[in-house]
Amino acid sequence: MAVAHGLRLAADFESDGAAKATSGMSHSLSPCRILVEKPHLGPQLAPVLAGDARFAPTLSLAGRTAQPALPSTAYRIGGFGGSEGLARWLAAERIEAMVDATHPFAARISENAVAAAHSSRIPLASIVRPPWTAQAGDRWRLVESAKAAACSLGAPPARVFLPIGRRELAAFK
């Protein structure tokens, strides 16, 4: 079983599409074609899968970065056009499994991956980052939106840690 970034990778899947962690996989004549959705752990996961003869990964880059670091594995850049477009691409490319390794703020990508995997009847493994939990000494402020968070800080300048996606940054400028 491969390990990337401390994560155990599923080597095969149950017949209902649920990931099953094992050390073996039924051997076929060709590698299992896998789509790895970026941007979070995809760049670390794709090379690990590519190094295993059982897999032929394609890394999907959203296309929002002007000059992305291109992987040594197969890749594609750009959106799919929602879950229906993703399902069409999966069929056209004969993808046999999908790994959602997106950032926690990429909720729409994950929703589309679930819908496309379901309609395409292919297994989907999702790598989910554990949520942060409050620690002694923390000063968390729970708010409803990025704009509300910016307002809760008071007058600038303020030094804060923002665990947010870049789309929410405008509220803090």
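I take a polar contact to be a pair of N or O atoms within 3.5 Å, where within protein one atom must be able to donate a hydrogen and the other to accept it, and where residues adjacent in sequence count only if both atoms are side-chain atoms.

**Entry 1: Asp52**

With that in hand I looked up Asp52 in this predicted model, and found that its side chain makes a polar contact with the side chain of Arg54, at 2.4 Å. I placed Asp52 in the loop between helix 1 (42–50) and strand 6 (55–61). Is Asp52 buried or exposed? Its relative accessible area is 17%, so I noted Asp52 as buried.

**Entry 2: the whole chain**

I then stepped back to the protein as a whole, which has 4 helices and 9 strands, and I wrote down their order along the sequence as β-β-β-β-β-α-β-β-α-β-α-β-α. Of the 173 residues, 32% are buried, while the exposed surface comes to about 11,400 Å², with carbon and sulfur atoms supplying 54% of it. When I took the contacts between residues at least 6 apart in sequence, I found that 54% of them join residues at least 24 apart.

**Entry 3: helix 3**

Helix 3 covers residues 107–120, and I recorded 14 residues and a reach of 20 Å from the first C-alpha to the last, which is close to the 20 Å expected at 1.5 Å a residue. Which residues of helix 3 are buried? I listed Ala113, Ala116 and Ala117. Looking down the axis of helix 3, I saw that these buried residues fall within an arc of 100°, so they line one face of the helix. On the other side of helix 3 I found Arg108, Glu111 and His118, which are exposed.

**Entry 4: Ser83**

I next looked up Ser83, which is found in helix 2, and which counts as buried because its relative accessibility is 15%, below the 20% cut-off. Leaving out residues up to four places away in sequence, I noted that Ser83 touches Asn112, Ala115 and Ala116; Ala116 is also among the buried residues of helix 3.

**Entry 5: two arginines with positive phi**

Arg121, which follows helix 3, has a positive phi of about 60° although it is not a glycine. I placed Arg121 in the loop between helix 3 and strand 9 (124–126), and at 76% relative accessibility I counted it as exposed, the cut-off for that being over 50%.

Where does Arg94 lie? I found Arg94 in the loop between helix 2 (82–92) and strand 8 (97–100), and its phi, near 55°, is again a positive value in a residue other than glycine. With a relative accessibility of 62%, Arg94 counts as exposed.

Terms used
Residues are numbered from 1 along each chain as its sequence is written. This is a predicted model: local features need pLDDT of at least 70, side-chain atom pairs count only at pLDDT 80 or more; totals for chains, interfaces and linings use all residues. Side-chain values use heavy atoms; hydrogens and water are left out. The expected span of a helix is 1.5 Å times one less than its number of residues. Buried means under 20% relative accessible area, exposed over 50%, partly exposed in between (1.4 Å probe, protein chains only). The arc is that of the directions from the helix axis to the C-beta atoms. Contact means heavy atoms within 4.5 Å. Accessible areas come from the Shrake-Rupley method with a 1.4 Å probe; for residues, only the protein chains shown count as cover.
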